[in-house]
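Have the viewer open and follow along.

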Amino acid sequence: MILRWLVILLLGVCFGLWDSTVSIWFPFPLNCFVLSLSALVVVTIFSRREWAILFAVITGFVADAMLPSNAGFVTIRYIVIVFVLSFLSERIFANRSLSGMLALGSIAVLANRGILVIFEWIKFAMSPLRIPEAHPTIIAEIMWMMIVLFVSYLLFLTFTKRFLPLISRSSDRLLTRTHRDVYV
Amino acid sequence: MSGEGSPMSRFRPWIYGLAMLFVVLLIVIAGFVKPIRNILRTILVPIARQTSYVGSVLARSFHIDPDARASAERIAELEARLQTQTVDYVRLQALEEENASLLAQAKFLSDRGYRTLGARVISRSISLRHASITIDRGSVDGVEIGYAAVSENGLLVGKVVNIGNRTAVIRFVSDVESRIAATVVNSNVVSGVVEGRGNGVAHFTLVPQEVELAVNDVIVTAGSEEKIPRNIVIGLVNDVESKPTDPFKNAVIEPLALLHHIDIVSVIIPGPAEQL
């Protein structure tokens with residue numbers, strides 16, 4: 001268990017550094033690929049919520065520390081996104097489909113941008129120092145998210161040998177019961 | 001109560017998550033963000049230097065088309081030549097000006113010196129309207145808010161606007177929030193203000209009508225700001241907008257420091273030359 005937490009921690013640091021110090025140099029459209037957000041969506045959908053929150057906190061802290069922006073609050077944005085995705089994957093997109101995953105990814109990108117804009121409004125209304133975060137083209141960002149989720153979905157199917165993966169294990173008891181009912 | 005399937009266990013992840021969000025919000029509201037950021041930066045800056053270097057090298061290697069690469073190299077060569085000649089021109093003008101000045105002023109200028117502090121760009125945020133970078137030098141290295149940062153060729157990149165222990169944020173000249181007192185080269189008075197307009201462009205505004213201004217004039221820092229020395233090249237005049245009825249004229253200027261090619265900067269620290 002500790003090893004898994006360490007892996008999440010290490011991945012959080014690496015992905016946070018990638019987004020804040022490496023991909024910022026890339027030309028369009030590569031600079032629209034937000035690796036940490038894509039990974040956050042994958043972790044939230046395929047893994048436990050606690051791990052997703054830890055990943056969000058670590059990645060967010062790294063990005064907040066490195067990026068020039070003083071209004072992004074990446075950590076808070078990512079934690080909110082974990083909650084939103086968890087809720088939606090349990091209540092609305094609970095049919096474990098690829099289209100559901102892609103919809104969740106798009107919602108994550110839109111939520112990330114929406115919260116960022118709100119934070120910037122609030123921060124810049126309160127402080128004279130305006131250093132906003134760069135906003136990449138949202139369509140390109142969503143496209144990258146779709147690609148990552150599609151590949152993740154395929155990998156998940158390949159390596160787990162399961163045709164129907166769970167969208168979320170956050171309500172694992174309910175889903176497990178459903179599985180048992182289905183397969184038994 | 002916390003057994004399998006009980007309401008408590010079902011909501012436990014939500015409770016953990018909300019607690020985490022609450023703690024983070026508390027940290028932000030209580031003003032602990034800066035110390036935490038500083039600690040993280042102290043730990044991460046050495047790694048970020050390497051990853052940032054890798055990123056800049058990777059970005060350069062994306063130009064894989066041979067023709068595009070040759071053109072890009074040619075453009076870079078010409079831009080470098082233009083930059084060098086502009087800097088040389090300004091230096092020559094400054095030297096002529098010094099020679100023509102009074103001895104007392106010349107003595108003052110020779111006594112006055114600046115030291116520079118090399119810094120690597122570890123992160124950046126560039127959009128159409130805004131452009132800023134994070135560098136790996138901070139208050140422990142002697143950097144202060146308001147200091148000027150120049151490129152390897154001595155061209156003004158921008159001003160330090162935010163600072164941590166180990167890092168500082170520099171706002172580019174072309175950022176829409178950027179304001180820098182400037183003048184035409186070889187002029188002894190402050191002529192106007194360079195205001196960023198985004199997308200790599202700036203305007204030279206509030207220039208009195210009596211100031212001579214023409215296309216291709218070199219705009220330099222005026223030296224009226226406490227922490228920014230004079231005669232640092234900002235850019236070239238591309239277009240002059242002037243109406244006889246207006247009290248001021250404006251000019252469109254093209255900052256010479258290229259946003260996308262800056263991975264190393266020097267922060268100019270005012271102080272006696274002996275401290276070098």
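Two strands count as paired here if DSSP finds at least two bridges between them. With that in hand, look at chain B of this predicted model: six of its strands close into a barrel, in the order 1-2-5-4-3-12, with antiparallel pairing. From one strand to the next, the twist averages 45°. Helix 2 of chain B (residues 33–61) packs on this sheet and touches strand 1 and strand 4 (156–163) of chain B. The direction of helix 2 makes about 90° with that of strand 1 of chain B.

## Around the barrel

| Strand pair (chain B) | Bridges | Sense | Example of partners |
|---|---|---|---|
| Strand 1 and strand 12 | seven bridges | antiparallel | Gly118(B) and Ser266(B) |
| Strand 3 (148–150) and strand 12 | three bridges | antiparallel | Ala149(B) and Val267(B) |

In general, strands of a sheet pair through backbone hydrogen bonds, either parallel or antiparallel.

So is strand 12 of chain B mostly covered or mostly open? Strand 12 spans residues 264–270, and five of its seven residues are buried, so "mostly covered" is the call, with buried meaning under 20% relative accessible area.

## Chain B as a whole

Zooming out, chain B has four helices and twelve strands. Of its 276 residues, 43% count as buried. Chain B exposes about 14,500 Å², and carbon and sulfur atoms supply 58% of that area. As for contacts in chain B with a separation of 6 or more, 58% come from residues 24 or more positions apart.

## The nonpolar cores

Which residues touch the most other members of the largest nonpolar core? Within that set of 48 residues, they are Leu37(A), Leu40(A), Val41(A), Tyr78(A), Ile79(A) and Ile81(A). The elements giving two or more residues to this core are helices 2 (35–46), 3 (49–66), 4 (74–91), 5 (98–126) and 6 (138–160) of chain A, plus helix 1 (7–29) of chain B.

Leaving aside neighbours within four places in sequence, Ile79(A) contacts Ala56(A) and Val57(A) in chain A, and Gly17(B), Met20(B), Leu21(B) and Val24(B) in chain B.

As a general background point, nonpolar side chains in soluble globular proteins tend to be buried together.

Terms used. Residues are numbered from 1 along each chain as its sequence is written. Chains are lettered from A and ligands numbered from 1 in the order in which they are written. This is a predicted model: local features need pLDDT of at least 70, side-chain atom pairs count only at pLDDT 80 or more; totals for chains, interfaces and linings use all residues. Side-chain values use heavy atoms; hydrogens and water are left out. Axes are lines fitted to C-alpha atoms, for helices over the stretch in contact, and angles run from 0 to 180 degrees between N-to-C directions. Contact means heavy atoms within 4.5 Å. Buried means under 20% relative accessible area, exposed over 50%, partly exposed in between (1.4 Å probe, protein chains only). Accessible areas come from the Shrake-Rupley method with a 1.4 Å probe; for residues, only the protein chains shown count as cover. A nonpolar core is a set of buried Ala, Val, Leu, Ile, Met, Phe, Trp, Tyr and Cys residues joined through side-chain atoms within 4.5 Å.
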